[in-house]
Amino acid sequence: MKQYTYLQLKRVAKVFPYVLAVTVVMLVGFVLLFSAFVSANQEKEENLIFRVAVTGDVENPLVKLAVEAFKTMDETRFSIDFITMPQAEADAALRGGSLSAYVMLPEDFIEKAMRGQVDPLHFVTTTDTTDITYFLKTEIAKMVTDMVVVSQQGTYGIGDALKANGGWSIAGEHVDTISLEYFDLVIQRNQLTHVEELGVSEGLNTLEYYLCSLLILFVMIMGLPFVFLYCKKDNSLSVLLQSKGISAAAQLGAEYTAHYLSLIALIAAVAVGGGIAFVCSPIEVPEWLTSTLLVSLLARLAVVIAMLAAFNTMLFELCSNIISGLLLHFFTTIFLCYISGCFYPLYSFPAPIQSIARLLPVHTAREFLAPAFTEDGALSTLLLLGGYALLFFGVALLAKRMKLRRHTGG
């Protein structure tokens, strides 16, 4: 058994450089595909940060204070970058495309607003920036009407009420106090609600979801070149080994072990090469791609590969020639990955398809990889992966025994 496993490893080692070359070519394609996903995700409206200039009466200390408050404390800082500049520069920046829009404050805007007179603001943008127009109309305008106007009504209301009842001496103090309280409520308005991001699936955001999906697809496609090694018409060697006391299960176990170790070696080579390329290239590593994440992801991927190696072994045994093996492996892989949501998010499929997809091994594999990002795994997923591996190995063993029986007449 050990000698046969060793011979299988030597057999794999002979073709390993060629398989590695094919894997590197596929990796380049998958990296380009993932880069396209990243670029498309960054261009989504919810991920854009708009640059908006404030012009006009910008030398007023209160205007500067308000702009700094928006930039450092208010929740709009995650969507809008407010800056101050003269109107001429704002016009030039807007035409050049480095500015999304600008707001022009009328003269003495703050002083009038403190007296309860709010002059209209002039909002200037281009026809190409409809997104920022819609955002400001729905978000900023709503904040002004629902918060600023109401706050002013409450502030001046308490002042007028105190003055009407003889509280002239304390009216100013209470007006200042309630103004600060209103300001505190506006700045901390995000604490009035609880936001829970459910992600695309399994608690993963878009990038994490597609990274896990493409990793699984990549590993499954990696098994395609091994069709030339394991799919064969001539089973005389297997019959001879069985006559020497090496059972079909022992033979299949040796072939599975060699195939699993070869996939691990390919992933290790790709990971080391990719790491060296990142270190030597001027490309900045994304902040979310930490060493802890990589270690966790690779460790979980090794478990997933154990199941996928059994899946490949089953497909190899079900085919009797290279052509049928290639076709079966390729189309089965594409079908399983497609229906499991590797190309499109799972929620985009009809409910019956989603129910079926959750029972498939590809979906289970993605569920097992997800805790590398979410840190919220379940033992049941690991057990399900093990169950799939045993099922695939069992089907492969049954197919191998049937092939041997044709030659032995048993």
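Reply: Helix 16 (residues 379-408) supplies the largest share of the nonpolar patch, namely three residues. Helices (H or I, at least four residues) and strands (E, at least two) are DSSP runs, numbered from the N terminus. Please note that this is a predicted model, in which local features need pLDDT of at least 70 and side-chain atom pairs count only at pLDDT 80 or more, while totals for chains, interfaces and linings use all residues. Residues are numbered from 1 along each chain as its sequence is written, and side-chain values use heavy atoms, with hydrogens and water left out.

Me: Which residues form the nonpolar patch on the surface?

Reply: The patch consists of Val-303, Leu-379, Leu-382 and Leu-383, which together have about 360 Å² of accessible area. Patches are made of residues with over 30% relative accessible area and no salt bridge; like charges are joined within 9 Å, and nonpolar side chains (Val, Leu, Ile, Met, Phe, Trp, Tyr) within 5 Å. Accessible areas come from the Shrake-Rupley method with a 1.4 Å probe, and for residues only the protein chains shown count as cover.

Me: Does Leu-383 count as buried or exposed, and why?

Reply: Leu-383, which lies in helix 16, counts as exposed because its relative accessibility is 58%. Buried means under 20% relative accessible area, exposed over 50%, and partly exposed in between (1.4 Å probe, protein chains only).

Me: What does Met-220 touch?

Reply: Not counting residues up to four places away in sequence, Met-220 touches Leu-308, Phe-311, His-329, Thr-333, Leu-336, Cys-337 and Val-362. Contact means heavy atoms within 4.5 Å.

Me: Where does Thr-333 lie?

Reply: Thr-333 is in helix 12 (residues 322-339). Its relative accessible area is 0%, so Thr-333 is buried. Leaving aside residues up to four places away in sequence, Thr-333 touches Leu-217, Met-220, Ile-221 and Phe-311.

Me: Now the strands. Why is strand 1 described as largely enclosed?

Reply: Strand 1 (residues 50-56) has seven residues, of which five are buried, so the rest of the structure largely encloses it. Strand 1 runs parallel to strand 2 (residues 80-84), and five bridges join them. Here Ala-53 stands opposite Ile-83 in strand 2. Five bridges also join strand 1 to strand 3 (residues 101-105), again in parallel, with Gly-56 opposite Leu-105 in strand 3. Two strands pair if DSSP finds at least two bridges between them.

Me: How many salt bridges does the structure hold?

Reply: There are three salt bridges, each defined as a side-chain nitrogen of Lys or Arg within 4 Å of a carboxyl oxygen of Asp or Glu. In one of them, the side chains of Lys-400 and Glu-255 meet at 3.6 Å, N to O. Lys-400 lies in helix 16 and Glu-255 in helix 10 (residues 248-280), so this pair ties together parts that are 145 residues apart in sequence.

Me: Which residue forms a salt bridge with Lys-400 besides that one?

Reply: Lys-400 also forms a salt bridge with Glu-317, where the closest N and O atoms are 3.6 Å apart. This pair links distant parts of the chain, with Lys-400 in helix 16 and Glu-317 in helix 11 (residues 291-318), 83 residues apart.

Me: What about Lys-403?

Reply: Lys-403 forms a salt bridge with Glu-317, with the closest N and O atoms 3.7 Å apart.
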